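Please view the sequence and the structure together, and then read the points below.

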Amino acid sequence: MNATIDSGLRQQLEQYEQQHVLQFWDQLDAEQQSSLAESLSNIDFAQLGELFAAASSESSWAELAAAAKVPPAKTLEDFANAASFAKAREKGLETLRGGKVAMVIVAGGQGSRLGFDHPKGLFPIGPISERTLFQIFFENVKARGAESDTTIPLYIMTSPPTHVETVEFLKQNNWFGIDEKDVRVFCQGTMPAVDENGKLILESKGSIFRSPDGHGGTLKALEVNGCLADMEQRGIEHLFYAQIDNPLVQVCHPALIGYHVLSGSEMTSQVVRKSEPLQKVGNVVEVDGVVQIIEYSDLPEEYARQTNDDGSLKLWAGSIAVHIFTADFLKRSVANADSLPFHRAHKKVPFVNTEGTLVSPDAPNAFKFEKFIFDLLPSAKNAIVCEVDPAEGFCAVKNAPPAPSETPQHVKDAIANLHRSWLESAGATVADEVKVEISPLFATDREALAAKIEPGTTIDSDKYFDA
């Protein structure tokens, strides 16, 4: 038996000129009607209207870029300085040993761009072992905890399309050796999209199209799913943040944590030195004492190409989505509704037309609304950036062949090359054309590996170093 729509909800739809979403109401069964009504009742129509109507800020980017410089940074020279590195590393180890560090991994993406119809975290990327992205991250967290004689709680953020399969996969693999009580898997929020007239989009006759609210949704999701409260109960003071597509992340690196703590930073961001002016990474800059990110698509080319007197890029710091936050800063940010603004993106979104037919558009037809975690930078006290060599900490898997970069083979080669360099710096000889791979359960970094490899060791066939 069909139900009638609540009069208050119908009035709200009429007020915001969104009543078209009920055009198939009489064709829905009672369960479908109830689901649609509940979905509509959870939409903030006033906010959605404001987001759609928001004026473009593109005209301000040139003015911002003109005043931009790179903020205070710990560069590779600092990491190469033995005394500076040792002091930072010891402080980081002290912080880890005190049980004050947790990790969050943003893992809501699908592997569709890789031709992989599963959550991206399930993608096999080990050059020899075929370990998945999830296994690599979990082993890193477990190993860092073991070498610090502590537990590093792990928080995994999924999205509605990936949540169930992710949880099932992690359970089937026994959480890759981490105690289940120390892992929390939670789902990020969603936002409805609107068409180019500001109208809600039907993805079926009885459902509204919604998409994940961006990696900035991590903040609210941590709060509403009880993760921030769990951190407080555990005495966590710092949260190490990374995204699942970069298996080279230096997970809970002691020196990086140490520089963060010693600098009194509320938000530390790891960056790479851009390989060319127009590299597609966010530009970490400081304007009038405020640290922020200008997306590559928003940075006018003339400013992207600006150089210093020695010919080096003026705006050299490219974001790789690796951050460390203080827990107090995150709690303060949650309480501030304006800490993370929404961004509008013009995208292709399939929709049900007035005849009830699903249409897949050939061109962008809708606006999605997302939040970005890096927008917390301007409100963070003493925000700093720390440079990492891309070969040591950044190679994300994003594209299927024949893309020129960020393909699975590109990333597998980067892992093997990094581990070869660890072995060679420890005094081993690795024959040409030989692939090597090192599980963090064997060694977390080149310093740890040096204590396990006998100088003069020769490796003349492919080898996977496991626990």
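**Charges, confidence and overall form**

The mean positions of the 41 positive and 65 negative charges of the chain lie 3 Å apart. In this count Lys and Arg are positive and Asp and Glu negative, while His and the chain ends are not counted; each charge is placed at NZ of Lys, CZ of Arg, CG of Asp or CD of Glu. The model is predicted: local features need pLDDT of at least 70, side-chain atom pairs count only at pLDDT 80 or more, and totals for chains, interfaces and linings use all residues. Residues are numbered from 1 along each chain as its sequence is written, and side-chain values use heavy atoms, with hydrogens and water left out.

**Confidence**

- The chain has a mean pLDDT (the predictor's confidence in each residue, from 0 to 100) of 94, and 98% of its residues reach 70 or more.
- Where pLDDT is low, the predicted coordinates should not be read in detail.

**Overall form**

- The chain has 16 helices and 23 strands; these are DSSP runs numbered from the N terminus, with helices (H or I) of at least four residues and strands (E) of at least two.
- The radius of gyration is 24 Å, close to the 23 Å that the globule rule gives for 467 residues, so the chain is as compact as a globular protein of that length. The radius is taken over C-alpha atoms, and the rule is 2.2 Å times the number of residues to the power 0.38.
- Along its principal axes, the C-alpha trace spans about 80 × 55 × 50 Å.
- Among contacts between residues at least 6 apart in sequence, 75% join residues at least 24 apart.

**Surface and interior**

- Of the 467 residues, 51% count as buried. Buried means under 20% relative accessible area, exposed over 50%, and partly exposed in between (1.4 Å probe, protein chains only).
- The accessible surface comes to about 21,300 Å², of which 47% belongs to carbon and sulfur atoms. Such areas come from the Shrake-Rupley method with a 1.4 Å probe, and for residues only the protein chains shown count as cover.

- Glutamate 77 lies in helix H5 (residues 76-80) and counts as exposed, at 56% relative accessibility.
- Glutamate 77 and glutamate 387 are 310 residues apart in sequence, yet 9.2 Å apart in space, C-alpha to C-alpha.
- Helix H9 (residues 217-224) contains valine 224, which is exposed at 54% relative accessibility.
- The buried residues of H9 are Gly217, Thr218, Leu219, Ala221 and Leu222.
- Valine 224 and alanine 66 are 158 residues apart in sequence and 39 Å apart in space, C-alpha to C-alpha.
- Just after H9, glycine 226 takes a positive phi of about 80°.

**Backbone exceptions**

- Most residues other than glycine have a negative phi, and most peptide bonds are trans.
- In the loop between helix H1 (7-15) and helix H2 (30-41), glutamate 17 has a positive phi near 55°; its relative accessible area of 52% makes glutamate 17 exposed.
- Asparagine 174, in the loop between helix H8 (163-172) and strand E4 (183-187), has a positive phi near 50° and is exposed, with a relative accessible area of 57%.
- A cis peptide bond, with omega about 10°, joins proline 401 and proline 402; proline 402 lies in the loop between helix H14 (390-393) and helix H15 (408-425).

Conventions: Contact means heavy atoms within 4.5 Å.
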